[in-house]
Amino acid sequence: MTYYKIARIVNTFGIRGQLKILVDTDFMEERFKIGNILYILDGDKMCAKVQVASFAPHKGAYLVAFEGYNQINQVEGFKGMTLAIAEEDQAELEEGAYYHHQIKGLTVVDLAGTTIGKIKEILTLGSNDVWVVDPKDKDRKDLLLPFIDDVVKDVDLEKEIVTVDILEGLWDED
């Protein structure tokens, strides 16, 4: 089974089995709905299948509790692990929207078809994501591509190619 990470478990909270988490998903309300099934991963290894019992914001993070985990000693071992969903639980996205795992690793080409590099990371900093491109030319610095219509012209998931228009000043010569 394929899993996609949606949160990091940073600590326990209180003595009743709650966990403090940092969320890495745009679908919080859907993912952490009471009764939903999540998976706890240690690296890429699935350690536990859990059902959400409660979820609430708390001081810049979130608190989550799971059915059957009512004491701190039952959840202490989960610190440092991640929460994930199964691939089949992913929601359909509207056209032009992508999951990060679909974009990472794609080849970036300019309008002339010249290969620029591969997307190695996605930053979620503000109003739009920024795709970090590892350049083919190793003498160049990483290219930071804002995911906006003026820059990203086409995403072809089947061919694994992203066509971009590198606007002036976006990737200056060093």
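Mentor: By class, 12 nonpolar, six polar and seven charged residues make up the lining of the largest pocket. Keep in mind that this is a predicted model. The lining has 25 residues in total, and those nearest the pocket's centre are Asp24, Thr25, Asp26, Tyr99 and His100. As for volume, the largest pocket holds about 700 Å³ of space.

Now see where the lining comes from. Among the contributors, β1 gives the most, with four residues. Go up a level and you'll find that domain 1 (3-89) and domain 2 (100-164) each put at least three residues into the lining.

While you're on the N-terminal side, UniProt has an unreviewed entry that lists residues 6-88 as "domain: RimM N-terminal". Over that stretch, residues 6-88, the chain is 54% strand and 10% helix, with the end C-alpha atoms 14 Å apart.

On to the rings. A pair of aromatic rings is described by how far apart the centres are and by the angle of the planes. The count here comes to six aromatic pairs. Start with tyrosine 3 and tyrosine 39: their ring centres are 5.0 Å apart and their planes sit at 50 degrees, so the pair is tilted; edge-to-face would need over 60 degrees. Tyrosine 3 belongs to strand β1 and tyrosine 39 to strand β3 (residues 37-42), so this pair ties together parts that are 36 residues apart in sequence. Tyrosine 39 has a relative accessible area of 8%, so it is buried, the cut-off being under 20%.

Compare that with tyrosine 98 and phenylalanine 147, an edge-to-face aromatic pair at 6.3 Å centre to centre and 70 degrees between the planes. Both partners come from loops: tyrosine 98 from the one between β6 and α3, phenylalanine 147 from the one between β10 (143-146) and β11 (152-156). The pair links distant parts of the chain, 49 residues apart. Tyrosine 98 is partly exposed, with 25% relative accessible area, and phenylalanine 147 also counts as partly exposed, at 27%.

One last thing to pick out on the model: Phe32, Phe55 and Tyr62 form one aromatic cluster.

Note on methods:
Residues are numbered from 1 along each chain as its sequence is written. This is a predicted model: local features need pLDDT of at least 70, side-chain atom pairs count only at pLDDT 80 or more; totals for chains, interfaces and linings use all residues. Side-chain values use heavy atoms; hydrogens and water are left out. On a 1 Å grid over the protein atoms alone, a cavity is a set of points where a 1.4 Å probe fits but cannot get out, and a pocket is an open set with protein on both sides within 12 Å along at least five of seven lines; lining residues have an atom within 4 Å of a point. Grid points are joined across faces, edges and corners, and a volume is the space filled by probe spheres set on the points. Helices (H or I, at least four residues) and strands (E, at least two) are DSSP runs, numbered from the N terminus. Ala, Val, Leu, Ile, Met, Phe, Trp, Tyr, Cys and Pro count as nonpolar, Asp, Glu, Lys and Arg as charged, and the others, Gly among them, as polar. Domain bounds come from an automatic or database domain assignment. UniProt positions are given in the numbering used here, feature names are shortened, and annotations may be inferred rather than shown by experiment. Rings of Phe, Tyr and Trp (its six-membered ring) pair if their centres lie within 6.5 Å; planes under 30 degrees apart count as stacked, over 60 as edge-to-face and the rest as tilted. Buried means under 20% relative accessible area, exposed over 50%, partly exposed in between (1.4 Å probe, protein chains only).
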